[in-house]
Structures are given as C-alpha cells and as structure tokens.
Amino acid sequence: MLKTGCLFRAFLAAALLLEASSLQTITALYGDTIKVPCNPGGVKPASHMFTKWKYDIPDSAPGDLLVKQAHMDEVTIQATGFYKDRVSMGNDSSLLISRATLEDQKTFTCMEVGPADIKEYSTNVLVYKKPSAPQIKDKVKELENGKLTAVGECVALNANPPANITWFKNDTQLTDDGKLIVITVLLKKDPTTGLTTTSSKLQYTAVKQDVYSTFTCTIQHPLGPVQVSAPEKFTVIYPTETVDLQVVNKGSIKEGDNVTLKCKADGNPRPTSFNFHLKGKKVTVDNTDTYALTDVTRNSTGEYKCSPVNNDKMVGSKNIVVHYLDVSLNPSGKIIKNVEEALEVQMQKNASADVKVSWTKDNEKLGKQPVFTQLKYSDSGVYECEVSVEGITKKRSFQLVVEGKPVIKKLDKKRGDEGKHKVLMCEAEGSPKPTVQWSINGTYQEESPYINGKITHKITVLPRENLTVTCMVSNKLGADTKEILVSSLFEEERGKQKGTPGEGEDQAKLIVGIVVGLILAAMIVGIIYWIYQKKSKQGSWKTGEKERGTSEESKKLEENNHKPEV
C-alpha cells in the first residue's frame, strides 16, 4: 500500500509540474503536406517514455491522433475518421498531415511524457491558397460620356484567406465615391472546400478622354506577389462638341485655283455626312467630309460654313480670301521719242492685298519707277515692271527709243605718238546711230562703241600741205558738219629749220605778245596817275616841300616804270 501511494504521489507531482510552451503558428499550403514541429530545438524529458499528438475539438475533449513509444519504430495511429489515413510522424517527432485542407486549420499539441514530467507543445496551423490569376468578366462593349455604366467584374477564384481586388485606370487607383465611381465587392465561399472567391464589380462614369484609357484590376494576397489582369480598352460614346472647317490647300489661294474644304468634327462615332454652306448655297455630302471648289475667282472670297447633317447647331466656319492682281502699263510696246521731249509713265494696279513693285532697265534693277521730263539718248532701253502679291506675279514692259538729229560735240586734232602723223577726232551724238564722213581719206580709221547715242570717230592723216578738214555726221533725221585747220607736217619741219614759226611757235608768240601788252598798259596807267597827283597839289606846297614832293613822286614813278608786269 505504501509503495502504491508513493507512485500515485509521484504521478500527481508530475502532473503538477506540466510545462506548456507558448503557442506558435505555422502556415501551410492548400493540398500540400503539413509538417507540425514538436518541441523545436528543445530537449526531451529525462527517461523519455513516449510522444503523443492530439488536436483541439471545440466544446469537446481533444482528439487523439497517434502515439510512439520510446525506443520503438512503430507508430500507433489512434485517429479515426477524417485523420485516420492522413497522419504520420516524422523522425524528429513532427506531425505530418497529407493533402492539407481548410479543415486542418486548428491547434495541434505534441505531448512528450517521461517518468516524472509531461511537456506539451501546441501549434496553430493556417492553410493558405493563392487565388487564380485575375480576369475581367462581363465586360461592357462601350461607355457613354457622362453616364454611370457597369464596366465589368474582376474575379479572384478559390483563395484563402480571401483576396483583395483593386481597380486601376491608366495606373491610377479608382476609389468608390458613391457617385461617379461605384465598386461592389462580393465574397463567396465554396461549401465543399471552404475556399473563397472574391468578385469586384466596377461602375464608372466615362468622359470623352477615356477613349485613350486602359482599365485593369489587381489581386493582393498574403502569398503574393500582386497579380494584374490583362488591360482593357473601351469605346466611349460622346456627342459632337466641336466642328472645324479647314482649307486643305497649302499657301495662298489665287484666282483659278481649286480649293478643297474639309469639315472636321469630334464625337464618337464621328459624323459621316455634312452640310456645306457656300455663300448662301447649301450642299450636302454623304460618307465624306470634304467639298471641292473649282476655278475660284475673286468673287469667291467670303465666309464658308459646315455642320453635321443631323446637327445644324454645331457649325464650323472659315473666311477664304481669293487673291487677284490686275496690272496695266502705259506706254507699252515700242515707243519712239525725240531727245529732250517728255514722256509720262503710268502703272496702274488693282490687287487683293499690298503689292510689291520692282523696275528694271535692260535687266538691271532700278530703284524706282522711271520719270522722263527731258529725254536723253541714255534713256533708251527696255523697261519692265514686276508686280507681285501673295504668290501672283505679273510683268509689263515697254521699249523706249530716243531719237535725234546728230550733232558734232567736238572736233579736235593731235600729233601721233611718234610725231610722224596727225590724229583727227570727231565726237558726235544722235540716234539712230550717225554715220561719220571726212573730207579726206585717212591712213587708219577707228570708231568707238556706240553707247547712249554717242560715237567718236578717229582718222590718222599725213598732211603734205596746210588744209581744212571737214567732219560730217548724218542719220535719217539730219546732218551736222564742222571744219578744222590742219597744217602740213613738212611745213612745220621746214619752219623749224629756217626759224619760221610753226603751229606751236605761233602760239608761243601770241602768249608773249599778250604779256608785253599787259606791261605797257600798266605803265600808261602809272603815268596818268602821276600827272593827276602833280596837278592836284600845285600852289599849296612850299618851295622846299614842292621840290621834295616832286622828287619823291618822280622816284616812285620811276620805280613803277621799271616794275615787271605779272
């Protein structure tokens, strides 16, 4: 009896010394094998007798699973029903549960029993399942501008715990505001597996800019990472809000051009038929948005309009300017005028805008429109004015011919370079070009280019006697002549040898005679002045003064008489 009582007290003491570790939680994957550790990292009780596994049953005693005696390989399965064929024990005394389901989410306890103590280690098991990839179902075909419309339903199938779904538009999260955006979330648990399917329905109020928007939904779950659905785009229906009338032509529009008008309208779907209002005339076109104006004139300038066939209130307009240019020039063609006459040039223009005018004479640019108050031979030429405006250029021209009777401007002579002949030069003006004739024949003739009505004709002669040479110029309007005295080269040479003056010596004598004459004239003026002074002062001077005055004046007069004339 004493021995039995002692053993009872020993077991009672062991029961009082029961040690329970803190509760830990592990996560297992749905369908995989669950491994629940027993006394992880701990030391088995001294004189370890056996290991036993059990699980909690709500409102009931724990359920036994299996037990293994120390120093024995066999494990005794105590479980019945649900766990009978699914539990086993690992070499480290861990509990192995195959084909994990959500019903395995409970607390399992490992008991290690020794002679004097019992240790228990409890573990809470969670079973997770990742949802399937998200997909958008029941998608709407098109959205309507300003109208709350069901876009679609994003579904995350068979998850534990339930997945969280978020909607995005162009990578911006959509939030339920109860008015423009409504998001409805529904959780549905499978009665057999206990897995949850999450669905999220999006209702969205579109704007016309959403024609370029992309919608997606994402799934967040503890098993991660975030899963994203395939992007979806939707047609957005909205009415026409703007109409624009465009001119397809590039650059300015000129008379004679063909002009294409294009009526551009927004809206979805876009209008396909339009009314074109062409300066009071209405033209309807179907299945096109263009209309062509052919061979436009200045009268085509004005305002043009267009509108969709089903909405005349939406109007686009455009002012079209058809550029034109009229130019007249007086005179025109070939004009013949006499030298020193006047000629008035009139250029008249009529254009759709400010014009640019330029003048040329014989293809050389002029600074302004020519004005002829007294015509010169140099005014002859072809005059052209170029007038341009907005891509239109017109040219007008006239040819001016200035004519006149020829006139000899200069008739001259000079010795040749070697002094063995003489060169006669006759310069004349006139138009048409004058012909030049001499009264003698020269050994060599030279004619300058005929420019601006001027011509110079030269001949080389060797005169044997003094003679008078005549130059005659003529054209259809008249003639002119002039004469020049030409001395013989032989006479000039003979005069040099005999002292007879030639043409050069005669000129020297003439100059000397002029100088001598001027000196004599100065002396006469001095004598007259002296006599005048003498007579005006007689009778008023004293004898001594008179003599001095006479002597001094005589001296001055003498000095003046001997002073050279300049």
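**Notes on the disulfides**

1. Cys471 counts as buried, at 0% relative accessibility; buried here means under 20% relative accessible area, with exposed over 50% and partly exposed in between (1.4 Å probe, protein chains only). A word on the basis: this is a predicted model, where local features need pLDDT of at least 70, side-chain atom pairs count only at pLDDT 80 or more, and totals for chains, interfaces and linings use all residues. Residues are numbered from 1 along each chain as its sequence is written, and side-chain values use heavy atoms, with hydrogens and water left out.

2. The partner of Cys471 is Cys426, with the two sulfur atoms 2.1 Å apart in a disulfide (a pair of cysteine sulfur atoms within 2.5 Å). The pair links distant parts of the chain, 45 residues apart: Cys426 sits in strand E37 (residues 422–431) and Cys471 in strand E41 (residues 467–475). Strands (E, at least two residues) are DSSP runs, numbered from the N terminus. The S-S torsion is about -90°, so this disulfide is left-handed. Cys426 is buried too, with a relative accessible area of 1%.

3. Cys263 and Cys306 form another disulfide, sulfur atoms 2.1 Å apart. Cys263 belongs to strand E23 (residues 259–265) and Cys306 to strand E27 (residues 302–308), so parts 43 residues apart in sequence are tied together. Here the torsion is about 80°, so the link is right-handed. Both Cys263 and Cys306 are buried.

4. Do have a look at Cys38 and Cys110, whose sulfur atoms are 1.8 Å apart in their disulfide. This link is left-handed, with -60° about the S-S bond. Both Cys38 and Cys110 are buried.

5. Overall, the count comes to four disulfides. With bonded cysteines counted along the chain, they follow the pattern 1-2, 3-4, 5-6, 7-8.

Conventions
Helices (H or I, at least four residues) and strands (E, at least two) are DSSP runs, numbered from the N terminus.
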